[in-house]
Number of protein chains: 2
Amino acid sequence: MALIHYPVLNKYGETIASAVTNLDLHDIARAARTYGVKTFYVVTPLQDQQILAQKIIGHWIEGFGGKYNPHRKEAVELIRIMDSIESAMENIRQRSGKKEVRTVVTSAKQIEGSIGYGQLRYLISTGSPYLLMFGTAWGLSGEVISRADYFLKPISGTKEYNHLSVRSASAVILDRLLARNE
Amino acid sequence: MALIHYPVLNKYGETIASAVTNLDLHDIARAARTYGVKTFYVVTPLQDQQILAQKIIGHWIEGFGGKYNPHRKEAVELIRIMDSIESAMENIRQRSGKKEVRTVVTSAKQIEGSIGYGQLRYLISTGSPYLLMFGTAWGLSGEVISRADYFLKPISGTKEYNHLSVRSASAVILDRLLARNE
């Protein structure tokens, strides 16, 4: 999975690079670990943001944090910082030894031709590599969405309101796609 | 639903009152709104923490925040600050006009006699009032757990690892209990 900080939209629909936040990394890494995600890519082309992300990770892996909270360390170890979505895909190709990586975008908006959770759950279970992308700020840019292989249906709760944080939405999506059936 | 800041456990299993955090309130309020939760109780007996929570809410309802982000306002409006679990239950009795409120505790630990998601989903759908409780810090105190009517099964991902943040866990649990089936 990947948390994308560029290219994403701001409130006015303009393409921006968003800031890396401590809690996004922690919450999403813990969910990634819980649901057996292989790697959690944090994508930002900004060097200062890459350094910030590396500092957060280092604290929990090598620093005081790792001793204080070993569970946190296990989660944060899944993080790889990448400068672009293409770099993340290249990393998956190298690690998996497979040429083809399918990309899946998540969005709070209804996109025509989107696939359902059951269908994607099945596709993932076949063992082919998939990169599941989550946008920060006001969501992934149109360019990323249109280049993806699959669009995942938005989460619908009980009402029309659907404004989950990326931390909540990613946990729910991983649960729908990867939780053990009981 | 209620987010409990007292009585909860610290890392050493001692009963403490935890601090209210801005992001817990926002993330969980947005999930509560998405899934049609009636009220999101924030429980803390500490007066300074009640004032802090009230400030956070006020900013988004009356202040600049409400105009800047009306969706956030709709979510934050679900929050009621309460000094105890008993006060939250009394509030539900008054608002629902029903005498009996059932309490459900969530935990990352396996508790004997716990009920599954399908079963609780059915119980909630009958329309009786239920209070679903989430602990902050290292989880709800043993006293709260033992007094509850129901213990909900822990979330299992794919691995033994299960260390979701309360923000992630509450979103997943609301999704399992309340999402529209599609």
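1. Helices (H or I, at least four residues) and strands (E, at least two) are DSSP runs, numbered from the N terminus. Asp175(A) lies in one such run, helix H8 of chain A, residues 166-178. Keep this residue in mind; the note returns to Asp175(A) in helix H8 at the end.

2. Some ground rules. This is a predicted model: local features need pLDDT of at least 70, side-chain atom pairs count only at pLDDT 80 or more, and totals for chains, interfaces and linings use all residues. Residues are numbered from 1 along each chain as its sequence is written, chains are lettered from A and ligands numbered from 1 in the order in which they are written, and side-chain values use heavy atoms, with hydrogens and water left out.

3. Start with the fold of chain A. Chain A holds eight helices and eight strands. Its radius of gyration is 16 Å, close to the 16 Å that the globule rule gives for 182 residues, so chain A is as compact as a globular protein of that length. The radius is taken over C-alpha atoms, and the rule is 2.2 Å times the number of residues to the power 0.38. Along the principal axes, the C-alpha atoms fill a box of roughly 45 × 40 × 40 Å.

4. Next, burial and contacts. Buried means under 20% relative accessible area, exposed over 50%, and partly exposed in between (1.4 Å probe, protein chains only). By that rule, 55% of the 182 residues of chain A are buried. Contact means heavy atoms within 4.5 Å. Take the contacts in chain A with a separation of 6 or more: residues 24 or more positions apart account for 77% of them.

5. Now the surface and charges of chain A. Chain A exposes about 8700 Å², and carbon and sulfur atoms supply 50% of that. Accessible areas come from the Shrake-Rupley method with a 1.4 Å probe; for residues, only the protein chains shown count as cover. There are 22 positive and 17 negative charges, and their mean positions are 5 Å apart. Lys and Arg count as positive, Asp and Glu as negative; His and the chain ends are not counted. Each charge is placed at NZ of Lys, CZ of Arg, CG of Asp or CD of Glu.

6. About 3600 Å² is buried between the two chains, with 48% from carbon and sulfur atoms. In chain A, Thr34(A), Tyr161(A) and Arg180(A) lose the most area to chain B, together 20% of what that side buries. Buried area here is the accessible area (1.4 Å probe) that two parts lose on being put together, summed over both.

7. Check the backbone. Most residues other than glycine have a negative phi, and most peptide bonds are trans. The bond from Tyr6(A) to Pro7(A) is cis, with omega near -5 degrees. Pro7(A) sits in the loop between strand E1 (2-4) and strand E2 (8-9). In chain B, a cis bond joins Tyr6(B) and Pro7(B), with omega about -5 degrees.

8. Phi of Ala137(A) is near 50 degrees, a positive value in a residue other than glycine. Ala137(A) belongs to the loop between strand E7 (130-135) and helix H7 (142-147). Ala137(A) is partly exposed, at 45% relative accessibility. Ala137(B) also has a positive phi, near 50 degrees, and is partly exposed at 47%.

9. Phe134(B) is part of strand E7, residues 130-135. Is Phe134(B) buried or exposed? Phe134(B) is buried, with a relative accessible area of 4%. Setting aside neighbours within four places in sequence, its contacts include Met1(B), Leu3(B), Leu140(B) and Ile173(B). Gln49(B) belongs to helix H2, residues 47-61. Gln49(B) is buried at 12%. Beyond residues up to four places away in sequence, Gln49(B) touches Ser18(B), Ala19(B), Val20(B) and Thr44(B).

10. Gln119(A), in helix H6 (residues 117-125), is partly exposed at 47%. Asp175(A) is buried, at 6%. Which residues does Asp175(A) contact, leaving aside its neighbours within four places in sequence? They are Tyr35(A), Arg121(A), Ile155(B), Val172(B) and Arg176(B).
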